[in-house]
Amino acid sequence: MKTKRKRVRKVRFDAPTFHQILDSVEDLIFVKDCDSRLLWANKAFLSYYNMSNAQIEGLLDAPFVPPDQTLQYMKDDAWVIEHGRALEIPVEPLIRHDGAIRSVQTVKYPIFDKQNKVVMTMGICRDITEQLQKEHAIELERARSISAAKMASLGEMAGGIAHEINTPLAVIHTMAGQLAEMLQEPSIDLASCVEQSGKIEQTALRIARIISGMRTLTYGNEQDGLSTVRISDLVDETLSICSERLASRGILVQVTHESTKHTVECRPSQIAQVLLNLLNNAADALEGMTTPWVRIESKRVDNSMEIAVTDSGPGLSMKTAKQIFQPFFTTKQVGKGTGLGLSISKSLIEAHHGTLTLDTDCSNTRFVVRIPTERV
């Protein structure tokens, strides 16, 4: 049985047809000769310059474009001609005829003749101004969320922080009074005075550690550069501002470091925020339990440093484990949590090219932070 074959009409793709096709494209398309002079541009490009093809032909650029910007365009053209391959420019400015400065993503291509010689260049520009504005707005909102989560963590610890500082201040006040009395004795016991002075100094250092922990947590931001810090110092500074809250709930804190000399390159304020959030969560989860404990461990694993925070609570259900890092998911009572702490903590660690995971194989609740020791 014979089947009828549909006859395909051949279309002649002459220059006007190609121009009509390119005019229908929203991206800006232009063609230049080897001297960087414009030969032709599509409708989208011409509307930006508010000129016709007859007006742009032979121009290096529009008269309203700054000379230094035109020079950069020419350098890019020269590179394409010299290397004979495409040049991608992720973001560059493009001035419109009305003076508006737009951001465009550009790719420039070489056009070859039959002898494989570059005779022209073609550029394709995509306006990404609105896209960049949206990305900037998202980034600002993310920064606000991180800051809000940080302040929420500090708010939960506020009472404990005040007690952390007031207690050693009271100790210093008492010891200073005792030292004054000892110095008024007819026979001064220098050894006892030195011992008392040492206790005052140690107590003052404790306050300094608390303040250092607060500074580490609150003053840092995402624009801070990376710095190399000891993990043991990071843990100590974080504990300095939350140990009172944990102690007031009868929570025993155990800290184990494979080595106190292990370091990690990071933004300390962000890692401290993650640790504080994990300790806050543990304190809330263990409320009302008998003999509660929290264990912090650090060790080197392959090319990463690992910090694990484990509490004596039972492991989470599989359903909860699947949702635990989702924004706004929380197991806390209404009004006790935003559900953003873990999702933000996860994003902060991932910004360090690391991971924050829940150890579902552990019989207790165990979160594991891993940060690469080598730059990615």
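These legends describe close-up views of a predicted model.

**View 1. The whole chain, for orientation.** The protein has 376 residues, and 39% of them are buried. Its secondary structure comes to 11 helices and 12 strands. Among contacts with a separation of 6 or more, 60% join residues 24 or more positions apart. The structure holds 13 salt bridges.

**View 2. D77 pairs with two lysines, K32 and K108**. D77 forms a salt bridge with K32, with the closest N and O atoms 3.1 Å apart. This pair links distant parts of the chain: D77 sits in helix α4, K32 in strand β1 (residues 28-33), and 45 residues separate them. Both partners, D77 and K32, are buried. The side chain of D77 also meets that of K108 in a salt bridge, at 2.8 Å from N to O. K108 belongs to strand β4 (residues 101-112), 31 residues from D77 in helix α4. D77 has a relative accessible area of 1%, so D77 is buried. K108 counts as buried because its relative accessibility is 2%.

**View 3. D76 is buried without a salt bridge**. D76 lies in helix α4 (residues 67-83). Which side chain of opposite charge is nearest to D76? That side chain is K108, 4.5 Å away. The cut-off for a salt bridge is 4 Å. Leaving out residues up to four places away in sequence, D76 touches L87, I89, E92 and K108.

**View 4. R96 and D98 form a salt bridge between partly exposed residues**. The N to O distance between the two side chains is 3.1 Å. R96 has 23% relative accessibility, so R96 counts as partly exposed. D98 counts as partly exposed too, because its relative accessibility is 47%.

**View 5. The largest nonpolar core contains 38 residues**. V294, F367 and V369 touch the most other members. Helices α7 (231-240), α9 (268-285) and α11 (341-351) each supply at least two residues of this core. So do strands β8 (263-266), β9 (293-301), β10 (304-314), β11 (355-358) and β12 (364-372). Helix α9 gives the most, with 9 residues. Beyond its neighbours within four places in sequence, V369 is in contact with V274, L278, M305, E306, I307, I349, T355 and L356. Another core lies apart from the largest one; it has 17 residues, among them A41, A44, Y49 and V104.

**View 6. Helix α7 is mostly covered**. Of its 10 residues, 7 are buried. The buried residues of α7 are I231, S232, L234, V235, T238, L239 and S240.

**View 7. Strand β12 holds P372**. P372 has 17% relative accessibility, so P372 counts as buried. Not counting residues up to four places away in sequence, P372 touches N303, S304, H352, H353 and G354.

**View 8. A network of salt bridges links E306, D359, R366 and R370**. E306 is also one of the residues in contact with V369.

**View 9. L183, I188 and L190 form a nonpolar patch on the surface**. Together they have about 290 Å² of accessible area. L190 is found in helix α6 (residues 190-219). Is L190 buried or exposed? L190 is exposed because its relative accessible area is 61%.

Technical notes:
Residues numbered from 1 in each chain as written. Predicted model: local features only at pLDDT ≥ 70, side-chain atom pairs only at ≥ 80, totals over all residues. Heavy atoms only, no water. Helix = DSSP H or I, 4+ residues; strand = E, 2+ residues; numbered from the N terminus. Buried < 20%, exposed > 50% of the residue type's maximum accessible area, 1.4 Å probe, protein only. Lys, Arg positive; Asp, Glu negative; His and termini not counted. Contact = heavy atoms within 4.5 Å. Core = buried A, V, L, I, M, F, W, Y, C linked by side-chain atoms within 4.5 Å. Patch = residues over 30% accessible without salt bridge, like charges linked within 9 Å, V, L, I, M, F, W, Y side chains within 5 Å. Areas by Shrake-Rupley, 256 points an atom, 1.4 Å probe, with all protein chains shown as cover.
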